[in-house]
Amino acid sequence: MKKLRLIVYALALVMLLAGCSKAAERNSSAVTPAGNGINAEGDGEMAAETASAGGGELAEKAESSEPQDTAMLFKNYLKEEGLGGDLSLIYFQQEDIDLDGNEEAIAAFGDAEIAENESEEDIEFNEIYVLRNQGGKIHQIGDSLNSGGYGINEIRLVQLEDREEKVIYLGLTNWVSMTGFGLVGISGDTLENLAYSASASGSGEDMLMDDDEDGKFDGYEQRRGSYDVFYYGVTRYFTLEQGEFVQTDTSVELLEYPSTPKAAVMEFLALSIIDDRLPPNVEERLDELCQFREASGERPVLEVDYGTVGNLQLELDGEDAYFEVEETGSDAIVTLVETGAEGTKKQTIFSLAKDSGAGTEKWSIYDIEVVGGLNK
């Protein structure tokens, strides 16, 4: 009887130990399943940490793989549609640009070798597309953004003062002496040109401005100094008002006062038409150059072609327009002769005298007479 009890106790002990071993195995496999990427070495400390974080490492991996998956959707669409042709994809950015709940992507193609070896300002984006992922279906918004005459060497997303959504900034250049920009917004299924600022003469510098330094652009400047502004240093200031950029000011760097009667007339013609908004220093200079007034009390507004004034300033006198000068002492007559179709001719006669005011002698116009007219 005593032997029987010992046998029963021994069997019970064996079963108890076997059950504990199996329970330990089950607990171990529940914390670190095979192939989950978690290193189980170093006991249960990492397992407990991972469990308490709600599987944070795995969730992070899933989140990091999601943009990659959507990127492949965009890139597969580009290939299927043949966008970019034989060019290489050298710029790609995706996010919800217009805050409509759908992700957009900007894809730009160019020469991969140039993009890899040249400095940033020398990179050229030949084709630029905007795509949208709407419920897993990709479609193109608008046409390629390379529609202007200048090259594009910069792409980025920026914010304007008057809106929450971002807009697309395109840096424009001729790779010589001109920098400018274009701004493109996304409006539903269309692209909206918000601004295009680049010198038509191929020389100048245009840049966005953030006057209150809050990270959102509220205006821009145009800086000019070539033949399009008669070689004066001109800066035009634009401010964002109710969704549009409006010119609000102009500054002009004046040269020394003209020393000859012809130069005085030339500057009067140039400054009169250099900009629609004449700053105070230009108004003052024009008052010095021309004391003659119309019956209304205003300075005369002459109908002289912009290109004609430019040619005269460069002394490209020809049959179409030229100066005749008669100078006697402190008086002079400068005649601008213009010829038109069918032998028509117009003469604008400027009578000048030296003004000795303020202790200096300056040539000033005191009479203007227009004779004849032109047939265009």
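**Figure 1. The largest nonpolar core of the predicted model.** This core comprises 33 residues, and Phe 268, Leu 269 and Phe 350 have the most contacts inside it. At least two of its residues are supplied by each of H5, H6, H7, E13, E14, E15 and E16. Helix H5 provides the largest share of the core, namely seven residues. The model shown here, as in the other views, is predicted. In soluble globular proteins, nonpolar side chains tend to be buried together.

**Figure 2. Helix H5 and its surroundings.** Helix H5 spans residues 261-273, thus 13 residues. From its first C-alpha to its last, H5 reaches 19 Å, close to the 18 Å expected at 1.5 Å a residue. The buried residues of H5 are Pro 261, Ala 264, Val 265, Met 266, Glu 267, Phe 268, Leu 269, Ala 270 and Leu 271.

**Figure 3. Contacts of Leu 269.** When neighbours within four places in sequence are left aside, Leu 269 is in contact with Leu 302, Val 304, Val 309, Phe 323, Leu 336 and Phe 350.

**Figure 4. The four-stranded open sheet E13-E14-E15-E16.** The strands follow the order E13-E14-E15-E16, with antiparallel pairing. Strands E13 and E16 form the edges, each pairing on one side only. Direction ignored, neighbouring strands of the sheet are turned by 20° against each other on average. Eight bridges join E13 and E14 in the antiparallel sense; Val 325 has Val 334, in E14, as its bridge partner. Helix H7 packs on the sheet, where it touches E13 and E14, and the direction of H7 makes about 55° with that of E13.

Figure 5. Ser 197 lies in strand E8, which covers residues 190-197. With a relative accessible area of 1%, Ser 197 is classed as buried because this value falls under 20%. The side chain of Ser 197 makes a polar contact of 2.5 Å with the side chain of Asp 206, and another, of 3.1 Å, with the side chain of Gln 222. Not counting residues up to four places away in sequence, Ser 197 touches Leu 172, Gly 180, Phe 181 and Tyr 220 as well as Asp 206 and Gln 222.

How values were computed:
Residues numbered from 1 in each chain as written. Predicted model: local features only at pLDDT ≥ 70, side-chain atom pairs only at ≥ 80, totals over all residues. Heavy atoms only, no water. Expected span 1.5 Å × (residues − 1). Buried < 20%, exposed > 50% of the residue type's maximum accessible area, 1.4 Å probe, protein only. Core = buried A, V, L, I, M, F, W, Y, C linked by side-chain atoms within 4.5 Å. Contact = heavy atoms within 4.5 Å. Pairing = 2+ DSSP bridges. Axes fitted to C-alpha atoms, helices over the stretch in contact; angles between N-to-C directions. Polar contact = N/O pair within 3.5 Å; in protein donor to acceptor, adjacent residues only side chain to side chain.
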